[in-house]
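Here is a short report on one structure. Please look through the sequence and the 3D view before reading on.

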Amino acid sequence: MSTSQANQNRFRADLREMKFLLFDQFRLGELLEKAPFEAWGVDEVAMTLDQTYKFCCDVLGPINAVGDRQGCKLENGKVITPEGFKEAYAQIYEAGVKGVGVDPEYGGQGAPQVLTILVEELICGANPAFVMYPGLARGVAEVIHIFGTARQKALYLNALYSGKWGGTMCLTEPHAGSDVGSARTSARHIEGNRYKIKGTKIFITGGDQDITENIIHLVLARIDNGPPGTKGLSLFIVPKVRTNEDGSLDKPNDVFVSAIEHKMGINGSATCVLNFGQENDDCIGELVGDVEHAGMAQMFKLMNGARILVGVQGVGVASTAYLNALEYARERLQGPSINHWKDPMAPRVAIIEHADVRRMLLEMKAKVEGIRALAIKLAWHSDMVHILKGKDDQAAQYHQGQVDLLVPLVKSYASDQAFRVCELAIQTYGGAGFTKDYPVEQSCRDAKIFSIYEGTNHIQAMDLVGRKLPQRGGQNLQEFLGDVGNFIQQHKNHPTLGACVAELAAAHEAVSGTAMRLLMWFQSGRMQMVPLAANRFLEMMSVLSVGWLLLQGAVIAGEKEAALPAEGSGPDRAFYKGKHHAAVYFAKHILPEVKSHADVLGREDRSALDIPNDAFATV
Ligand SMILES: Cc1cc2nc3c(=O)[nH]c(=O)nc-3n(C[C@H](O)[C@H](O)[C@H](O)COP(=O)(O)OP(=O)(O)OC[C@H]3O[C@@H](n4cnc5c(N)ncnc54)[C@H](O)[C@@H]3O)c2cc1C
C-alpha cells in the first residue's frame with residue numbers, strides 16, 4: 001500500500017439509518033427541547049451527527065491506516081504516537097466533538113446519551129485506536145466527577161474534560177488479569193489522603209503518549225493491611241507529572257513506561273507496562289474522594305462506561321467494514337448471473353448479484369443495525385433515568401434495571417459479532433479482502449480486542465448470570481421479558497411480519513426457560529453448569545433483544561413506507577424495504593438459534609467439565 005493510499009479516508013457510515021433509529025424508532029423528539037435537554041432540538045441532533053461524520057471523514061479516517069502501519073514507538077522511555085494523532089486530538093476538542101455529552105458545567109453540550117453514543121460510534125468506526133486517548137480522559141473525568149472531593153474536581157475536571165490532560169485506568173498486573181482482586185500494587189499512607197504507590201501495571205492503554213502534557217492515572221492499589229480480594233482495593237489519582245494547587249505542573253511523579261505491547265490490532269493505541277514508584281520509591285497518589293477500600297465500586301463507574309464504549313467500538317468498526325464490503329460488492333464484476341450459468345458469453349455481473357454474497361451482506365446489515373439499536377436502547381434507558389430520577393423514582397428504577405441488564409449484552413454481543421462481521425466482510429471481498437490494499441483486514445484485526453479488554457466476554461457473561469439476573473429479585477429480567485412479550489402480543493397477527501413475530505415468541509420462551517434452568521442449577525448446587533452455560537445464555541438474550549428491536553424497526557418502517565406517495569420516493573422506499581428485509585432475515589436465520597441453544601443447554605452435557613486435563617492432548 002502506498003503512502004497516499006494509507007492516507008485515504010475509508011470510513012463509511014449510514015447516517016440515514018442512525019436518524020431513523022433516533023427519531024422514528026426511539027422517538028428522541030419527545031425528549032428534546034425540555035429539561036434536561038432544553039438546548040437540543042431535532043435539527044441540532046441531526047446537525048451534530050452530520051458534522052461529526054464530516055469530522056471523522058476529514059480528520060480521523062485518513063489516519064486510521066497510518067496508525068495501524070506505524071504503530072506506537074517507545075524511545076528513551078517515552079511513547080511516540082503515530083503521525084497525525086496529536087493534531088487530530090487537538091482538533092477533536094476544538095471541533096467540540098468530544099464535548100457533546102459532557103455536562104455544560106464543564107464546557108460540554110449536555111446532549112442525550114442516545115446521541116452521544118452515536119457520536120462515539122462514528123469516532124470509533126473512523127479510528128478505533130485513536131478513540132482510546134480522548135475516551136479515557138473522559139472516563140477518568142467521570143469517576144472524579146462522581147466520587148472526587150471538591151478540591152479534586154476543581155483541580156482535575158476542566159483539564160480532563162477539555163482534553164488538556166489524558167487519562168488511564170490501571171487495573172491489570174502481570175498475575176492479575178481477570179482476577180483483579182489479586183492485585184499487589186501497594187499504597188502506603190503519608191498524610192491526609194496522600195499515599196506512596198508502588199507496583200507494576202501492564203496493558204495500560206494510553207499509559208504514556210506524546211499528545212498531552214500530563215496524564216492522570218487512576219490506579220487500583222491495596223492500602224497496607226487492606227483486606228484481601230477486590231474488597232481491599234482503593235482507587236488513587238496518580239498524575240504522571242505532579243500538579244500544584246493552581247493546576248500548574250510540578251515535577252515528574254516516578255511513573256515510568258518500561259515497555260509497550262506489539263499487538264495484532266489497534267496499533268495506534270499505546271498499550272504500556274507502567275512502573276509506579278519502582279525507580280525512586282517516590283510515586284505520590286491521592287485517594288479518590290476520601291473513602292478507603294471503595295476502589296472497585298468507583299472503578300466500576302468507569303468500567304461500565306468503558307464497557308458500553310467497547311460495544312460501541314464494535315458497532316462502529318463492524319458498520320464501516322460492512323459498508324466497505326457493500327461498496328466493493330457493487331463494483332466487482334465476477335461470473336454470470338445464475339440464470340445464465342450455462343452461457344459462457346453471458347455478461348459478468350457485480351458480485352452483489354450472487355446469492356451467497358447477498359446473504360453475507362444481509363447478515364452483516366442485520367447484525368450491525370440490530371446491535372446499534374440495542375446500544376441506543378441502553379442509552380435511551382439511561383436518558384430516561386436522568387429525566388425521571390427524583391420525579392418518578394419507581395420508573396427511574398425500572399430504566400436503571402434495564403441499563404444494568406443490557407451493559408454486558410452490549411459489551412459482549414457487539415464485540416463478538418463485530419469480529420464476525422469483519423470476517424464476513426473479508427469473505428465478501430474474496431482475496432482482495434485479505435490484502436492490506438483494502439480496509440477490512442485491519443478492521444478484523446482491530447475488532448478482536450473488543451471481546452478481551454474491559455473484562456473478557458466470559459467475565460461479562462458471568463456478570464449477567466451471577467449479578468444482573470438476580471438483581472432486584474429477578475425483576476429486571478422479568479421486566480425485560482415483559483417488554484418483549486408485550487411487543488409479541490401486539491404484533492403476532494401483523495400482516496407481513498406475523499411469522500417473524502412467531503420466531504420471536506419461540507426465542508422469548510427459550511430465554512425464559514433457560515433463565516429458570518440457571519436458577520435451578522444455582523439452587524440445586526450444580527454451580528459448575530452455570531459458567532459452562534453463561535456465554536451461551538448471554539448470546540441467547542442478545543439475539544432475542546436484537547431480533548425484537550429489528551422487528552420493532554421493521555413495523556415502523558412498514559408504516560412509513562405505506563405513507564409514502566406512490567411516486568418519487570425512491571431512496572426512502574428502498575431504505576424502509578431494507579429495514580424490513582434485515583428484520584426478516586434475522587428472524588428467520590438467527591432467532592431460531594436461541595431455541596437451539598436452549599435445547600443444547602437442556603441436555604446438560606458436562607463433557608467440557610468431565611474431560612481430564614491430560615486428555616485434551618497427550619503431547
Ligand atoms: C490492547 C489491550 C488494552 C488493554 N487496556 C487495559 C487498560 O487500559 N487497563 C487495564 O487495567 N487493563 C487493560 N488491558 C487488560 C485487559 O483488561 C485484560 O487483558 C483482560 O481483562 C483479561 O485479562 P488477562 O489478559 O490477564 O487474561 P486472563 O485473566 O489470564 O484470562 C485468560 C482466559 O481465561 C479466562 N478466565 C480467566 N479467569 C477466569 C475465571 N475466573 N473463570 C473463567 N474463565 C476465566 C478468560 O476469560 C480468558 O479466556 C488491556 C489489554 C489489551 C490486550
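A polar contact is a pair of N or O atoms within 3.5 Å. The model is predicted.

Start with T205. An N or O atom in the side chain of T205 lies 2.7 Å from a nitrogen atom of the ligand. The protein covers 62% of the 970 Å² of accessible area that the ligand has on its own.

A nitrogen atom of the ligand is 2.8 Å from a backbone N or O atom of M169. At L171, a polar backbone atom sits 2.8 Å from an oxygen atom of the ligand.

## The shell around the ligand

Two elements give two or more residues each to the shell: β3 (165-170) and β5 (194-205). The largest share, 3 residues, comes from β5.

In total, 17 residues surround the ligand. The closest are M169, T172, S178, F203 and T205. What is the make-up of the shell in nonpolar, polar and charged residues? It divides into 8 nonpolar, 7 polar and 2 charged residues.

## The nonpolar cores

The largest nonpolar core has 175 residues. Within this core, L60, F480, F537 and M541 have the most contacts. Helix α16 (residues 529-562) gives the largest share of the core, 19 residues.

F537 is worth a look in the 3D view. Leaving aside residues up to four places away in sequence, F537 touches L464, V465, L469, V511, T514, A515 and L518. Another core lies apart from the largest one. This other core has 30 residues, among them A159, Y161, L220 and M303.

## A loop residue: N267

Now find N267. It lies in the loop between β10 (255-260) and β11 (271-276). Is N267 buried or exposed? N267 has a relative accessible area of 15%, so it counts as buried. The cut-off for buried is under 20%.

Which residues does N267 touch, not counting those up to four places away in sequence? They are G67, D68, G71, C72, A129 and R445. With D68 there is also a polar contact: the side chains of N267 and D68 meet at 3.0 Å.

Key. Residues are numbered from 1 along each chain as its sequence is written. This is a predicted model: local features need pLDDT of at least 70, side-chain atom pairs count only at pLDDT 80 or more; totals for chains, interfaces and linings use all residues. Side-chain values use heavy atoms; hydrogens and water are left out. Helices (H or I, at least four residues) and strands (E, at least two) are DSSP runs, numbered from the N terminus. Buried means under 20% relative accessible area, exposed over 50%, partly exposed in between (1.4 Å probe, protein chains only). A polar contact is a pair of N or O atoms within 3.5 Å; within protein, one must be able to donate a hydrogen and the other to accept it, and residues adjacent in sequence count only if both atoms are side-chain atoms. Contact means heavy atoms within 4.5 Å. A residue is near a molecule or strand if one of its heavy atoms lies within 4 Å of it. Accessible areas come from the Shrake-Rupley method with a 1.4 Å probe; for residues, only the protein chains shown count as cover. Ala, Val, Leu, Ile, Met, Phe, Trp, Tyr, Cys and Pro count as nonpolar, Asp, Glu, Lys and Arg as charged, and the others, Gly among them, as polar. A nonpolar core is a set of buried Ala, Val, Leu, Ile, Met, Phe, Trp, Tyr and Cys residues joined through side-chain atoms within 4.5 Å.
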